[in-house]
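Subject: Structure for your files

Hello,

My notes on it follow below.

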Amino acid sequence: MSTFNTRCPHCNSVNRVPQAKLNETAQCGRCQQPLLDGRPVEGTTDNFNALLNSEKTVVVDFWAPWCGPCVNFAPVFDQVANEQSSQARFIKVDTEAQQALAAQYGIRSIPTIMVFKNGERVNIINGALPKVQFEQWLSQS
């Protein structure tokens, strides 16, 4: 059975998730909270491809902790992720910690937001957006 690792958004522990449970409600082995509950998932080289191949649309925020616009955009991304969890899965990729992913996707400025459907990139935007504009951009994607 194929698996991937992801951090729990509640207790930050690493969990191994069978890909068969990707579209179900997998729970954290430590705190028993849902792993994929509408909060953004940490994207890493270990789990990124598995997360992209979701039945849901996938929205990825490539960011860095030292980037002011990235930090200011984070609450908007988190809020939209929570509100639209039934339509899409939201992933955050720290470009400092995941330099190979940043290079693979040609990230030259941050924040960069990408939308994937069935593992294929369908839209990209650079820069932080206010919530209303971000939601409009997502609905067009």
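A salt bridge here is a side-chain nitrogen of Lys or Arg within 4 Å of a carboxyl oxygen of Asp or Glu. By this rule the structure has three salt bridges. Please keep in mind that this is a predicted model, in which local features need pLDDT of at least 70 and side-chain atom pairs count only at pLDDT 80 or more, while totals for chains, interfaces and linings use all residues. Residues are numbered from 1 along each chain as its sequence is written, and side-chain values use heavy atoms, with hydrogens and water left out.

Salt bridges

Lys92 pairs with Asp61, and their closest N and O atoms are 2.7 Å apart. Lys92 is in strand β5 and Asp61 in strand β4, so this pair links distant parts of the chain, 31 residues apart. Helices (H or I, at least four residues) and strands (E, at least two) are DSSP runs, numbered from the N terminus. Are the two partners buried or exposed? Lys92 counts as buried at 13% relative accessibility, and Asp61 is buried at 0%. Buried means under 20% relative accessible area, exposed over 50%, and partly exposed in between (1.4 Å probe, protein chains only).

Glu83 and Lys131 meet in a salt bridge at 3.0 Å, N to O. Glu83 lies in helix α2 and Lys131 in helix α4, so the pair ties together parts that are 48 residues apart in sequence. Glu83 is partly exposed, with a relative accessible area of 40%, and Lys131 is partly exposed at 24%.

Lys131 also forms a salt bridge with Glu135, with the closest N and O atoms 3.7 Å apart. These two residues are four apart in helix α4, which puts about one helical turn between them. Glu135 is partly exposed at 23% relative accessibility.

Sheet and helices

Five strands form an open sheet in the order β3-β5-β4-β6-β7, with mixed pairing. Two strands pair if DSSP finds at least two bridges between them. The edge strands, each pairing on one side only, are β3 (41–42) and β7 (120–126). β3 runs parallel to β5 (residues 88–94) and is joined to that strand by two bridges. Glu42 has Lys92 of β5 as its bridge partner.

Helix α2 (residues 68–83) packs on the sheet, touching β4 (57–63), β5 and β6 (112–117), and its direction makes about 160° with that of β5. Helix α4 (residues 131–140) packs on the sheet as well, touching β4, β5, β6 and β7, at about 30° to the direction of β6. Contact means heavy atoms within 4.5 Å. Axes are lines fitted to C-alpha atoms, for helices over the stretch in contact, and angles run from 0 to 180 degrees between N-to-C directions.

Nonpolar cores

A nonpolar core is a set of buried Ala, Val, Leu, Ile, Met, Phe, Trp, Tyr and Cys residues joined through side-chain atoms within 4.5 Å. The largest has 15 residues, of which Phe48, Val60, Phe62 and Tyr105 touch the most other members. At least two residues of this core come from each of α1 (48–52), β4, β5, α3 (99–104) and β6. Another core, of 14 residues, lies apart from it and includes Phe73, Val80, Ala81 and Ile113.

Regards
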